[in-house]
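Have the sequence and the 3D view open as you read.

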Amino acid sequence: MTERRNPALIDVAVALHQSGAIEPDTYVIDRDTVGANAAALAETARAHDVGLWFVSKQYGRNPLISETIAEHIPAAAAIDHREADAVLAAGARLGNLGHLVQVPRRRLPALLSHDPDFVTVTDTANLEAVDSVSGELGRRQRILLKIRGTQESTYPGQDGGFEPDAVAAVLDRYAGLRGAEIAGVTGFPCLSFEPETGRPEPTPTLDRVQAAAKAMREAGIDPVVSLPSHTSVSSIPEIARLGGAFGEPGHALTGTTPQHAVDMDLREVPALVYVSEIAQLGTAPSVFGGGFYHRGHARHVIVATPRGRRRAVLHKAPAASIDYYRRFTWVDDGPEATIGDTAVMALRTQIFVTRSRVAVVSGVGTGRPQLDGIYDPVGRRVA
């Protein structure tokens with residue numbers, strides 16, 4: 001799909017690697033295309049009266065990319081406390097703090113001093129901590145209750161939250177908070193891509209979030225409802241229809257949602273490729289690893305040799321394996337490859353959990369590409 005919709009990015013990535021400007025295990029991000037994707041998301045959200053908080057973990061919390069996105073979507077959903085630091089340093093506002101990861105108790109004073117619009121909590125202990133610290137700061141913090149998802153739609157390591165039928169009791173018990181106000185509900189994931197239909201569909205977790213929102217209305221509260229996961233131009237109308245006030249675009253910003261891999265007509269254009277090189281041939285043809293993500297479903301490879309390009313297919317890697325290499329098999333009879341030849345892939349990413357470098361480029365679409373900087377996987381500049 002990237003070959004069809006943003007072939008110049010592949011060409012730039014190959015040129016950067018072959019010139020020695022970037023190393024293998026580097027993600028290359030097309031900054032201008034990310035900006036256009038963010039603009040399309042913001043335009044669609046305004047048309048449907050849905051607010052947006054962007055997510056930065058998947059592109060490595062990169063400050064240049066965050067600055068570009070913030071020109072169109074000014075507030076971010078900080079997945080954890082370090083992501084909050086990164087988006088604040090990039091000039092974005094905190095729209096939602098604490099979702100998916102709760103804020104460590106000792107970090108609350110510093111982060112609440114930045115006046116996040118909302119803080120998400122998963123239990124009463126975290127609710128009480130936010131209330132206490134916010135009260136000490138002389139402010140009032142709006143709270144979203146994270147509703148526990150169903151087992152079949154919750155990702156491993158992301159469990160936790162309030163049961164929908166406990167919301168009424170929580171509202172009654174915490175009606176007199178000094179520094180916090182329970183303002184709404186959220187859950188994750190509320191939408192998920194379904195290969196059978198080729199588009200994002202509501203999950204069973206959504207039903208539980210809507211049940212919790214109903215309990216808040218019955219208690220006299222008009223709840224703010226955030227419905228994250230797979231927020232994109234194609235899903236924003238559905239978020240509005242389902243009663244969502246906010247979405248949290250992540251992979252749509254780089255055109256790397258599962259839907260972007262199969263649908264040519266989406267507004268967002270792929271803006272990210274992964275660059276490695278041939279590490280070994282012989283009995284174990286492989287590229288160097290470092291940036292593969294188990295749920296990224298990396299599959300196809302373009303290998304650029306001095307005599308032309310050749311195609312390969314990556315082998316699936318067991319979840320227990322260490323990401324040293326990724327084996328591949330040739331699928332054509334193109335020119336002979338040697339170690340060091342460039343390998344380019346396009347996949348769904350979570351750069352912040354890799355050991356990759358991130359190269360930000362601009363001018364790709366104009367034919368005058370420029371390398372704006374090279375960063376580590378959590379947004380620190382290295383070159």
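Glu83 and Arg61 form a salt bridge, with their closest N and O atoms 3.1 Å apart. A salt bridge here means a side-chain nitrogen of Lys or Arg within 4 Å of a carboxyl oxygen of Asp or Glu. Glu83 sits in helix 5 (residues 81-89) and Arg61 in the loop between strand 2 (51-52) and helix 4 (63-70), so this pair ties together parts that are 22 residues apart in sequence. Helices (H or I, at least four residues) and strands (E, at least two) are DSSP runs, numbered from the N terminus.

Before going on, a word on where this comes from: the model is predicted, local features need pLDDT of at least 70, side-chain atom pairs count only at pLDDT 80 or more, and totals for chains, interfaces and linings use all residues. Residues are numbered from 1 along each chain as its sequence is written, and side-chain values use heavy atoms, with hydrogens and water left out.

Are Glu83 and Arg61 buried or exposed? Both are buried. Buried means under 20% relative accessible area, exposed means over 50%, and partly exposed is in between (1.4 Å probe, protein chains only).

By the salt-bridge rule, the count comes to 16. Here are some of them:

| Pair | Closest N to O distance |
|---|---|
| Glu83 and Arg61 | 3.1 Å |
| Arg139 and Asp115 | 2.9 Å |

Arg139 and Asp115 form a salt bridge. Arg139 is in the loop between helix 7 and strand 6, and Asp115 in the loop between helix 6 (108-112) and strand 5, so the pair ties together parts 24 residues apart in sequence. Arg139 is buried at 15% relative accessible area, while Asp115 is partly exposed at 44%.

## Around strand 5

Strand 5 runs parallel to strand 4 (residues 93-97), and 2 bridges join them; Phe118 is the bridge partner of Asn96. Strand 5 also pairs with strand 6 (residues 141-146) in the parallel sense, over 3 bridges, and here Val119 has Ile143 as its bridge partner. Two strands count as paired if DSSP finds at least two bridges between them.

The peptide bond from Phe188 to Pro189 is cis, with omega near -10°. Pro189 lies in the loop between strand 7 (180-186) and strand 8 (191-194).

Asp25 has a positive phi, near 65°, and it isn't a glycine. You'll find Asp25 in the loop between helix 2 (7-18) and strand 1 (26-30), buried at 9% relative accessible area. Ser229 is another non-glycine with a positive phi, about 100°, and Ser229 counts as buried too, at 12%.

Finally, look at Ala319, which is exposed with a relative accessible area of 63%. Ala319 and His294 are 25 residues apart in sequence and 6.6 Å apart in space, C-alpha to C-alpha.
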